[in-house]
Amino acid sequence: MATAIVAARRHPLQTLSTDSDLALVLELEDPMLMSEQRLHDLLQASKPGDSVEPEVWGYLHGLLDQRRYGRRA
């Protein structure tokens, strides 16, 4: 049972359409190395429903939160 659950889980970026602008940006830039401002700009440019899955948007928002609040910890 656990094997089926783990096998079904995919990384949020795997749900991103390969022909989207966001996919191109993430292919050229590593989101783990992006600055707080760059992540904020990507979030403003890509809203859920505008050909961006909510999982991808949530992933980028999580990275932004990590930049903002991880520094202070």
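Colleague: Why is Arg 38 called partly exposed?

Modeller: Arg 38 has a relative accessibility of 27%, and the scale calls a residue buried under 20%, exposed over 50% and partly exposed in between (1.4 Å probe, protein chains only), so Arg 38 counts as partly exposed. Bear in mind that this is a predicted model, in which local features need pLDDT of at least 70 and side-chain atom pairs count only at pLDDT 80 or more, whereas totals for chains, interfaces and linings use all residues. Residues are numbered from 1 along each chain as its sequence is written, and side-chain values use heavy atoms, with hydrogens and water left out.

Colleague: What makes the pairing of Glu 29 with Arg 38 a salt bridge?

Modeller: The term requires a side-chain nitrogen of Lys or Arg within 4 Å of a carboxyl oxygen of Asp or Glu, and for Glu 29 and Arg 38 the N to O distance is 2.9 Å, so the pair qualifies. Glu 29, with a relative accessible area of 30%, is partly exposed as well.

Colleague: How many salt bridges does that rule give, and what is the N to O distance between Glu 36 and Arg 68?

Modeller: The count comes to two, and one of them joins the side chains of Glu 36 and Arg 68 at 3.5 Å, N to O. This pair links distant parts of the chain, with Glu 36 in helix α3 and Arg 68 in helix α4, 32 residues apart. Glu 36, at 27% relative accessibility, is partly exposed, and Arg 68 is given that label at 25%. As a general point, side chains of opposite charge can pair when their charged atoms come close.

Colleague: Why is α3 described as roughly antiparallel to α4?

Modeller: Helix α3 (residues 36–45) and helix α4 (residues 54–70) pack at about 155°, their axes 9 Å apart. Angles over 145 degrees count as roughly antiparallel, those under 35 as roughly parallel, 65 to 115 as roughly perpendicular and the rest as oblique, which makes α3 roughly antiparallel to α4.

Colleague: Which residues of α3 and α4 meet?

Modeller: Taking contact as heavy atoms within 4.5 Å, Glu 36, Leu 39, His 40 and Leu 43 in α3 meet a set in α4 that includes Trp 57, Leu 60, His 61, Leu 63 and Arg 67. By class, this contact of α3 with α4 has six nonpolar, two polar and three charged residues.

Colleague: How do you know that Ser 35 and Gly 62 are partly exposed?

Modeller: Ser 35, found in the loop between α2 (21–28) and α3, has a relative accessibility of 41%, and therefore counts as partly exposed. Gly 62, placed in helix α4, has a relative accessible area of 35% and is likewise partly exposed. Ser 35 lies 9.9 Å from Leu 63, C-alpha to C-alpha, although the two are 28 residues apart in sequence, while the C-alpha atoms of Gly 62 and Leu 39, 23 residues apart along the chain, are separated by 10.0 Å.

Colleague: How many helices and strands does the chain have, and what share of its residues is buried?

Modeller: There are four helices and zero strands, counted as DSSP runs (H or I, at least four residues, for helices; E, at least two, for strands) and numbered from the N terminus. Buried residues make up 25% of the 73 residues in the chain.

Note on methods: Axes are lines fitted to C-alpha atoms, for helices over the stretch in contact, and angles run from 0 to 180 degrees between N-to-C directions. Ala, Val, Leu, Ile, Met, Phe, Trp, Tyr, Cys and Pro count as nonpolar, Asp, Glu, Lys and Arg as charged, and the others, Gly among them, as polar.
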